[in-house]
Each structure stands twice: as C-alpha cells, then as structure tokens.
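Have the sequence and the 3D view handy as you read.

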Amino acid sequence: MSLSKLISLFKELIEEDMTKADALYYLTLCWCCGGGRLSFRIKYGSDEKYSEVLELVKKHKLINMIMSNDVSEHIARSDRRFITIFRKKVEESLEEISNEALKVLNIIKRFNVYETLTEGDVNILLYSSIMINTLLRKIVRSIYKARLAIFELVKAGLLVTCLWSPYEGLPHMYRIPHYSIDIWRRV
C-alpha cells in the first residue's frame with residue numbers, strides 16, 4: 001500500500017515539477033540520508049525543493065517506508081518520462097565535465113565497480129564505495145582533486161553521494177541513478 005502511495009506521489013511530482021520528482025528519487029535512493037540532500041544541492045544549486053518534497057513525504061507518512069526499503073528502482077521505472085528526460089540531461093552534461101572528472105569516471109568504470117552501485121544492499125554499496133575511495137587515493141592522490149571530480153559527477157547526474165565520512169573527506173557511500181546506468185555502460 002505504501003509503495004503505491006509513494007509511486008502516486010512521484011507521478012504527481014512529475015506533472016508538477018521534474019526537479020521535485022528528482023528530489024523524491026534522491027530521497028529514496030539514499031534512504032533519506034543527508035548525502036542525498038548534499039547531492040541534490042550540488043546538482044541544482046539549492047536544496048529548497050528537496051526540503052519541500054521531504055515535508056510532503058512526512059505529511060503522507062511515507063518516511064519510514066523510504067528509510068527501511070530500497071524503493072528507488074520502483075519509482076524510477078514507474079514513469080518512463082522520468083528516466084528519458086534525466087538520461088538526456090546527463091548525456092548533455094557529459095560534454096561539460098573536466099578531464100579530472102573523466103579520469104575519476106574511468107577509474108570507477110575500469111574496475112566495474114559502478115555496476116554494484118545500483119544495488120539496494122547496503123553492505124555491497126559500502127564495500128564498493130570503500131573500493132572507489134581506495135582507488136581514488138592511489139590514482140588521483142589528492143583528496144581535494146578527487147572530491148572536486150566527484151562533485152562534478154554528482155552535478156552531471158552520474159553519481160549520488162548518500163553518506164559522507166567525517167574523517168576522510170570523500171563520500172562514504174555512492175549510488176548511481178537508474179537514469180544514468182546506460183550512460184556508464186557506454187562511456
């Protein structure tokens with residue numbers, strides 16, 4: 001029952017404002033963790049719509065469902081327009097990312113870690129994220145440059161950072177939006 005309410009809310013947001021639909025998607029993708037808000041702010045320059053959607057989710061009493069289930073794939077696939085529109089935006093944004101961001105993208109892709117970042121299993125996500133951070137430390141060597149490159153990938157819609165480690169300066173858990181999976185495979 002809650003999933004159908006969530007999908008219904010998602011479809012309403014698509015009709016109202018695609019950015020709000022993306023905010024709901026980020027909420028589900030990151031189980032309402034703070035990194036989803038940060039990723040949304042990096043991508044759109046503001047988290048105002050994210051906050052509005054979070055209030056809607058609370059109003060409809062869907063917050064517990066989002067926090068306890070990985071429903072992101074269900075809502076993303078519930079309306080084809082969502083994936084089509086955002087896939088196009090990601091493809092367009094690829095032309096604007098720096099060589100350093102392309103290097104990070106290729107590091108993640110070369111080791112086929114990106115495929116596990118679509119999983120709903122937190123253990124797999126954490127393991128894959130640790131692998132990415134280890135690779136970045138060895139290959140990029142500058143946490144600052146790696147972090148900027150990650151921000152570019154987030155802004156482009158290729159990556160979402162769900163959790164941030166307070167110690168290392170790099171995200172602690174990454175996710176890949178369903179609308180950019182095909183792009184990862186082609187790049």
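Helix 2 and helix 7 lie roughly perpendicular to each other. This is a predicted model, so keep in mind that the values here are computed from it. To describe a pair of packed helices, you give the angle between their axes and the distance between those axes. Here, the axes of helix 2 and helix 7 (residues 80-93) cross at roughly 100 degrees and come within 11 Å. An angle from 65 to 115 degrees counts as roughly perpendicular, which is why this pair gets that label.

So which residues do the meeting? From helix 2 we have M18, A21, D22 and Y25, and they meet R81, F82, I85 and F86 of helix 7. Sorted by type, the residues of this contact are six nonpolar, two charged and no polar.

## Helix 2 and the core

Now for the largest nonpolar core, which has 65 residues. L24, Y25, F82, L136 and L159 touch the most other members. Helix 2 gives the most to this core, with eight residues.

Take L24 as an example: leaving aside neighbours within four places in sequence, L24 is in contact with L6, L9, F10, L13, V53, V57, I66 and I75.

## A look at T28

Beyond its neighbours within four places in sequence, T28 is in contact with L6, I66, D70, V71, S72 and I75.

Definitions and conventions. Residues are numbered from 1 along each chain as its sequence is written. This is a predicted model: local features need pLDDT of at least 70, side-chain atom pairs count only at pLDDT 80 or more; totals for chains, interfaces and linings use all residues. Side-chain values use heavy atoms; hydrogens and water are left out. Contact means heavy atoms within 4.5 Å. Axes are lines fitted to C-alpha atoms, for helices over the stretch in contact, and angles run from 0 to 180 degrees between N-to-C directions. Helices (H or I, at least four residues) and strands (E, at least two) are DSSP runs, numbered from the N terminus. Angles under 35 degrees count as roughly parallel, over 145 as roughly antiparallel, 65 to 115 as roughly perpendicular and the rest as oblique. Ala, Val, Leu, Ile, Met, Phe, Trp, Tyr, Cys and Pro count as nonpolar, Asp, Glu, Lys and Arg as charged, and the others, Gly among them, as polar. A nonpolar core is a set of buried Ala, Val, Leu, Ile, Met, Phe, Trp, Tyr and Cys residues joined through side-chain atoms within 4.5 Å. Buried means under 20% relative accessible area, exposed over 50%, partly exposed in between (1.4 Å probe, protein chains only).
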